[in-house]
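Subject: Structure handover

Hello,

Here is the structure I promised to pass on. Please open it first, then read my notes below.

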Amino acid sequence: MITIPKGTKDVLPGESYRWQYLEEKARAVSKRYCLKEVRTPTFEHTELFNRGVGDTTDIVNKEMYTFLDKGDRSITLKPEGTAGVARMFIENGLTGGVLPAKLYYITPAFRYERPQAGRLREFHQFGVEFFGSPSPDADAEVIMLANDFLKDVGIDEVELNINSIGCKHCRPKYNEALRDYYRPHLGEVCPTCRERFEKNPLRLLDCKEETCHEIAKNAPVITDYLCEECERHFKGVRELLDACGISYKINPNIVRGLDYYSKTVFEFVSTAIGSQGTVCGGGRYDTLIENLGGSPTPAVGFAAGLERLILLMQNTGVSFGEEPVPEVYLAGMDELSRKKAFAVAKTLRENGIVADTDHMNRSIKAQFKYAGKIGAKFVATIGSSELEGGFMNVKNMATSESVKVPFDEAVTYFKKGEK
Ligand code: HAM
């Protein structure tokens with residue numbers, strides 16, 4: 001038997017309503033905040049991610065699904081959504097259009113990681129990107145949107161962590177302070193951290209290795225090194241969050257796994273789903289558009305992992321809403337009444353009523369059994385006497401009560417029942 005590739009998941013028929021629930025909440029909150037949806041390709045030129053996500057990141061160095069296509073081009077399955085949306089924004093001349101541009105997407109993403117609970121090789125993100133505003137208002141609104149989304153979904157077991165990682169003016173000073181702190185520990189840290197020490201010291205703070213994690217605890221904190229502008233900006237974000245009653249923790253160890261961030265970074269973290277507890281992460285990335293060849297355009301955004309959200313909802317007993325069930329199942333007793341059942345089902349569907357009927361040539365008893373399995377609220381039986389009399393026998397499956405409903409009143413009857 002051919003099996004599913006490691007780190008990927010099927011969404012089974014009994015589970016898809018959960019995805020739809022999350023996606024509907026994502027679309028609804030995006031609409032309330034006046035965002036427009038965008039869709040970008042599943043694969044891009046590899047160069048986009050090398051330059052966009054950054055060549056010192058684990059994502060680019062170890063985790064990308066990269067291959068040569070038949071035209072010998074290096075292609076990569078998107079490991080995240082931001083770089084593709086930024087490319088789209090530049091390529092279509094939108095940096096010169098109406099700003100700010102507030103965009104959202106729901107996309108698969110691919111990372112060759114070691115699969116575990118909440119970590120897959122193909123996963124899905126609901127992402128948001130705001131282009132054009134340098135103001136802390138944009139950061140605060142993006143965070144508020146994420147907060148509202150989680151609230152709408154019914155999740156409250158998360159903590160919002162925020163930090164500022166400075167900009168090209170103050171980060172170098174902090175990097176030097178970090179290097180000074182780590183230099184005497186270089187013999188103790190893991191080989192990856194020794195590389196990070198050279199290439200991207202900020203990432204030293206994010207290492208999951210026990211020893212490195214311990215060492216990171218006493219490292220200097222970035223918030224002590226922010227320049228005046230970054231300090232003012234971070235204060236602005238916090239003041240707006242305070243004004244909106246959004247609680248958060250300032251966590252100087254939030255540095256994020258992608259290179260494009262500056263100033264604000266944030267994560268919504270849960271302790272209920274194991275070590276992969278970050279359900280949503282994002283921040284400001286003011287230089288990405290410029291680095292990708294566009295005119296300088298500040299930006300801020302986030303992405304939430306849908307699989308992690310589903311896991312968190314399952315683990316904490318959050319409801320996914322009701323699984324939709326058919327309003328009525330039409331059961332025909334003989335050849336002629338089956339045809340009538342088929343036709344009534346069509347009329348009901350045309351009028352927006354969820355209706356089903358048999359196409360397995362089942363006995364009436366078996367049809368009832370099937371209707372029970374799919375959770376139909378009513379079963380409408382049609383036999384020769386019903387055909388003659390112009391009505392059907394409608395059984396309420398919850399109460400077992402039966403009533404006769406004329407064919408020409410079927411739509412009105414079930415429309416009423418749906419309320
Ligand atoms: P990220 O933190 O790499 O950021 O991913 C965002 C979210 O995607 C994570 O918080 C997590 O919920 C989910 N996620 C990441 N990797 C996996 C995985 N292997 N399996 C399951 N879920 C995963 C970004 O991707 C940025 N593009 C976010 C952003 C948008 N920043 C600014 N704009």
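First, the overall form. The protein chain has a radius of gyration of 27 Å, whereas a compact globule of 419 residues would have one near 22 Å. Please keep in mind that this is a predicted model. The C-alpha atoms fill a box of roughly 90 × 50 × 45 Å along the principal axes. I count 15 helices and 16 strands in the protein chain.

Some totals come next. Of the 419 residues, 49% count as buried. The accessible surface is about 20900 Å², and carbon and sulfur atoms hold 51% of it. Take the contacts with a separation of 6 or more: 68% of them join residues 24 or more positions apart. The chain carries 55 positive and 59 negative charges, and their mean positions lie 3 Å apart.

β1 runs parallel to β5 (residues 101–110), and two bridges join them. There, glutamate 37 stands opposite tyrosine 104 of β5.

Proline 100 sits in the loop between α4 (82–91) and β5.

Which residues of helix α11 are buried? In this helix (residues 306–316), they are Leu306, Glu307, Arg308, Leu309, Ile310, Leu312 and Met313. After α11 comes glycine 317, with a positive phi near 70 degrees.

Two residues other than glycine also have a positive phi. One is aspartate 72, with phi near 65 degrees. Aspartate 72 lies in the loop between β3 (66–68) and β4 (74–77). The other is arginine 256, at about 70 degrees. Arginine 256 is in the loop between β8 and β9 (264–269). Are these two buried or exposed? Aspartate 72 has a relative accessible area of 60%, so it is exposed. Arginine 256 has 11%, so it is buried.

Asparagine 251 is found in that loop between β8 and β9 as well. Asparagine 251 counts as buried because its relative accessible area is 17%, under the 20% cut-off. Leaving out residues up to four places away in sequence, asparagine 251 touches Asn161, Ile162 and Asn163.

Then look at strand β14 (residues 378–382). Why call β14 largely enclosed by the rest of the structure? Because five of its five residues are buried. In a regular strand, side chains alternate between the two faces of the sheet. In β14, Phe378, Ala380 and Ile382 point one way. Val379 and Thr381 point the other way.

Strands of a sheet pair through backbone hydrogen bonds, either parallel or antiparallel. With β12 (residues 328–332), β14 pairs in the parallel sense over five bridges. Glycine 332 stands opposite isoleucine 382 in that pair. With β15 (residues 391–396), the pairing is antiparallel, over four bridges. Threonine 381 stands opposite asparagine 393 of β15.

Last, tyrosine 181. This residue lies in helix α6 (residues 171–182). Which residues does tyrosine 181 contact, leaving aside its neighbours within four places in sequence? They are Ile215, Asn218, Ala219 and Pro220. Tyrosine 181 is buried, since its relative accessible area is 19% and the cut-off is 20%.

Best wishes

Methods:
Residues numbered from 1 in each chain as written. Predicted model: local features only at pLDDT ≥ 70, side-chain atom pairs only at ≥ 80, totals over all residues. Heavy atoms only, no water. Rg over C-alpha atoms; globule rule 2.2 N^0.38 Å. Buried < 20%, exposed > 50% of the residue type's maximum accessible area, 1.4 Å probe, protein only. Contact = heavy atoms within 4.5 Å. Areas by Shrake-Rupley, 256 points an atom, 1.4 Å probe, with all protein chains shown as cover. Lys, Arg positive; Asp, Glu negative; His and termini not counted. Charge placed at Lys NZ, Arg CZ, Asp CG, Glu CD. Pairing = 2+ DSSP bridges.
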